[in-house]
Amino acid sequence: MTDFIRFPSNFTWGVATSAFQIEGAHDADGKGPSIWDTFSHNAANIIDGSNGDVACDHYHRYRDDVAMMASLGVNAYRFSIAWARVQPDGKGAWNEKGFDFYTRLLDALDEKGITAHITLYHWDLPQGLQDGGGWMSRDTAHRFADYAAEVARRYGNRVASIATHNEPWCTANLGYGNGQ
């Protein structure tokens, strides 16, 4: 008979996603284009022509998704905020409808007792910032600081952690260094 590993009762079971990979609603409620939207809409870039326009439709199905997490015993969820959803051009006015989505998502997580962890940047720079030089432009770092401060102001008291960049090596070396 096999001995089973028993996890402590306070073990944290978590799941993680990225906005582009799960949200869909690529142009809903004022969201601007991200570099992934632009990249995936070029038929030469994706062999099967797929893109993130609908993805898993988490933007519309988040309540079902959170209920599924809870049914699996998940008690932590790390998700990224789509910068272009809350600030379409990566600078300038905030998109309240975009922030409303994340507020509703946090409310749903709270209702199910799932702890939220946010990632600010998971490779989906607003296209407007890319058009101005992307991460090679010092201004992008300043705009990121504004974005990070606004997200922290709105949600800092509602989440367990805020990570700045998901796998920055990939952005720096694979993206800018190797052009992949």
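## Contacts of Ser161

In this predicted model, Ser161 touches Ala116, His117 and Ile118, leaving aside residues up to four places away in sequence. Ser161 sits in strand β4, which covers residues 161–165. Thr115 is 46 residues from Ser161 in sequence. In space, their C-alpha atoms are 9.4 Å apart.

Is Ser161 buried, partly exposed or exposed? Its relative accessibility is 32%, so Ser161 counts as partly exposed. The partly exposed class runs between the 20% limit for buried and the 50% limit for exposed.

Helix α3 spans residues 58–71, 14 residues in total. A straight helix at 1.5 Å a residue would reach 20 Å. The end C-alpha atoms of α3 are only 17 Å apart. Just after the helix, Gly73 has a positive phi of about 85°.

Which residues of α3 are buried? They are His58, Tyr59, Tyr62, Asp65, Val66 and Met69. An α-helix has 3.6 residues a turn, so residues three or four places apart point the same way. The cover over the buried residues of α3 includes β1, α1 (19–22), β2 (76–80), α4 (83–86) and α5 (96–111).

## A nonpolar surface patch

Ile5, Phe7, Phe11 and Trp13 make up a nonpolar patch on the surface. Together they have about 440 Å² of accessible area.

Trp13 belongs to the segment before β1 (14–16). With a relative accessibility of 43%, Trp13 counts as partly exposed.

Notes
Residues are numbered from 1 along each chain as its sequence is written. This is a predicted model: local features need pLDDT of at least 70, side-chain atom pairs count only at pLDDT 80 or more; totals for chains, interfaces and linings use all residues. Side-chain values use heavy atoms; hydrogens and water are left out. Patches are made of residues with over 30% relative accessible area and no salt bridge: like charges are joined within 9 Å, nonpolar side chains (Val, Leu, Ile, Met, Phe, Trp, Tyr) within 5 Å. Accessible areas come from the Shrake-Rupley method with a 1.4 Å probe; for residues, only the protein chains shown count as cover. A salt bridge is a side-chain nitrogen of Lys or Arg within 4 Å of a carboxyl oxygen of Asp or Glu. Helices (H or I, at least four residues) and strands (E, at least two) are DSSP runs, numbered from the N terminus. Buried means under 20% relative accessible area, exposed over 50%, partly exposed in between (1.4 Å probe, protein chains only). The expected span of a helix is 1.5 Å times one less than its number of residues. Contact means heavy atoms within 4.5 Å.
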